[in-house]
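Good morning, and thank you for coming. Please look at the structure on the screen while I go through a few of its features.

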Amino acid sequence: MTPSYFKRLRLDVVREWDLYLMLIPGILFLLLFKYTPMYGIVIAFKDFNIYDGLAASPWVGMEHFEKLFLSEDFARVFKNTLIISIYKIFFLFPLPILLAVLMNEIKNMVFKRGIQTIVYLPHFLSWVIVSGLFLQLLSTNGGLINKMIVGLGGESIAFFMNTEVFRSVLISSAGWKEVGWGMIIYLASIATIDPQLYEAAKIDGASRFRQIWHITLPGLVPIIILMFILRLGNILEAGTEQILVMYNSIVYEVADVIGTYVYRIGLGQQDYSFSTAVGLFDSVIGFILIITGNYLSRKFLKRGIW
Amino acid sequence: MRQRTSILDKVFVASNYTFFIFMGVITIFPFLNLIAKSLSSEAAVISGQVNLLPVDLQFGTYAYVISDKLFQSAFINSVIVTVVGTLLSLIMTSLSAYPLSKPKLRGRKIFILMFVFTMLFSGGLIPTYLLIRELGLVNTLPVLFLPGMISVFNMLVIKSYFENIPEALEESAKIDGASNIRTLFQVVLPLSMPVLATISLFYAVAFWNDFFTAMIYINSPDLKPLQLYLKELLASANNIFLKLDTIDINMAMNVSPQAIQSASIIVATIPILLVYPFLQKYFVKGVMLGSVKG
């Protein structure tokens with residue numbers, strides 16, 4: 001078998017040489033920018049320093065991982081990551097589903113399209129811009145929200161510098177940016193539901209709510225499960241970019257997550273080996289979660305993530 | 001009975017419309033606030049009088065922002081990175097997607113796995129940083145587009161589009177003696193304009209919005225892209241000492257730091273607003289393509 005396979009491969013490569021040629025830039029790109037850093041992970045098991053270089057730095061085995069599991073800082077960022085992620089899932093995962101179901105009941109196409117155009121927009125703005133918008137809105141110096149709070153007899157809140165409310169700022173700004181856009185996948189899914197089902201239900205005298213409950217929602221269940229599995233696979237990504245733009249040292253205690261911690265320890269304090277170990281821990285857990293999710297999805301939904 | 005359900009129905013429809021109007025308002029409201037601040041006088045902004053409409057209308061803030069040398073260079077850097085990055089990405093991504101869309105390509109499964117694996121696992125921030133430094137790319141503009149040239153997700157979307165192009169169209173080109181490369185450029189790509197438009201907009205928005213790459217690799221002020229410039233502008237205004245400094249400098253200009261931030265954010269958003277109508281035409285299709293690939 002083997003020799004004939006290579007023979008055929010050689011024949012193919014000769015005949016379709018330019019097909020293989022086209023693939024070369026992409027493969028080189030992957031090898032250089034994706035796979036070389038994977039090799040670089042070995043520094044998590046070494047005491048890396050810039051002067052000795054990667055090969056000459058001494059091996060230290062699992063030392064950095066022992067330090068990681070004993071580190072109070074790591075325990076804190078791990079906890080923050082989970083808390084922020086779980087809040088985001090709890091509040092922001094169901095909202096787009098609800099919105100899509102409600103949006104589907106809007107029959108005026110002009111209105112529907114207009115609102116969609118507006119609520120999809122924030123998705124295309126960077127976190128820097130969104131952060132700027134919220135800084136102004138929530139500012140203690142003439143911010144609209146604080147003016148409303150004061151107007152209602154409350155005391156103004158320094159939202160970005162208050163450990164009690166900062167996580168809420170993270171979650172609501174993430175909601176403002178992504179909830180509208182999140183609808184799109186569910187709307188697309190609703191569009192594939194057979195219209196005859198609704199016709200039949202109407203003939204049977206089913207009310208709008210019964211139609212939603214018995215047709216729309218059941219039709220959405222597979223995509224909801226799939227999206228939920230995908231979301232859980234990303235549970236260790238609490239929104240690093242968002243937090244990097246929005247947080248400051250006053251709220252580290254509640255907002256420092258794995259991604260921001262790796263950034264600060266690695267690039268700020270140049271503790272390369274230890275921060276690589278933290279990053280590896282993060283990548284491995286993420287990998288296991290997504291593989292498990294894909295397995296479950298194939299088993300129960302007969303449909304893989306990829 | 002019939003009467004009751006129809007009243008309930010009307011209430012539902014009315015509240016549904018109200019709800020979505022409310023949602024639209026919530027989305028627009030921060031922008032109105034920002035635009036109002038950017039167009040108001042310094043005194044009005046500092047004393048916190050500005051809500052949704054400008055107070056003491058003036059355009060000096062925009063003049064100030066646009067005349068800033070660092071803002072200009074940041075804007076130009078972002079334009080260069082976005083244009084060059086998008087073009088390179090399109091070429092690289094299509095070149096990879098085409099062979100991988102051909103079932104006859106031997107080793108196809110392994111190549112696809114090589115691409116997909118990078119979506120699931122990565123070397124992480126620090127090993128990537130060390131590589132980029134080793135390559136001498138720190139503090140250069142290419143670092144802002146080279147490592148992001150191929151998004152595997154976008155590659156898979158283009159690949160599945162190519163797979164749906166009828167084989168017969170390519171075959172006729174082949175019979176005329178065209179090579180695979182010529183077939184790609186003269187037959188396949190012209191037939192794939194919708195997906196290429198979608199993907200180029202996705203790439204362009206990603207390059208335009210990226211601040212993280214610059215935050216890691218760029219130190220020199222004249223190489224910073226717009227998003228990083230803005231991020232630092234926001235951070236400096238949060239810092240009370242820097243804030244006092246900027247107030248001193250800006251007194252003479254009759255503009256406040258808040259108004260400068262606001263105007264800068266608006267100017268950085270305008271390019272996105274310009275492509276948004278095109279984006280909107282295509283992205284639903286892009287999302288669908290992404291979700292149906294199996």
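What distance separates the centres of domain 1 of chain A and domain 2 of chain A, taken over C-alpha atoms? The two centres are 34 Å apart. Domain 1 of chain A covers 2-45, and domain 2 of chain A covers 66-125 + 177-301; such bounds come from an automatic or database domain assignment.

A word on conventions. This is a predicted model, in which local features need pLDDT of at least 70, side-chain atom pairs count only at pLDDT 80 or more, and totals for chains, interfaces and linings use all residues. Residues are numbered from 1 along each chain as its sequence is written, while chains are lettered from A and ligands numbered from 1 in the order in which they are written.

Let us turn to a pair of helices. In chain A, the axes of helix α15 (residues 258-268) and helix α16 (residues 272-301) come within 8 Å and cross at roughly 165 degrees. Therefore α15(A) is roughly antiparallel to α16(A), a term for angles over 145 degrees. Among the residues making this contact are A:Tyr261 of α15(A) and A:Phe274 of α16(A); residues are in contact if their C-beta atoms, placed from the backbone, lie within 7 Å.

Finally, chain B. Chain B has 14 helices and 0 strands, where helices (H or I, at least four residues) and strands (E, at least two) are DSSP runs. Of the 294 residues in chain B, 38% are buried, that is, 20 or more other C-beta atoms lie within 10 Å of their own.

Conventions: Axes are lines fitted to C-alpha atoms, for helices over the stretch in contact, and angles run from 0 to 180 degrees between N-to-C directions. Angles under 35 degrees count as roughly parallel, over 145 as roughly antiparallel, 65 to 115 as roughly perpendicular and the rest as oblique. Two residues are in contact if their C-beta atoms, placed from the backbone, lie within 7 Å. A residue is buried if 20 or more other C-beta atoms lie within 10 Å of its own, exposed if 12 or fewer, and partly exposed in between; C-beta atoms are placed from the backbone.
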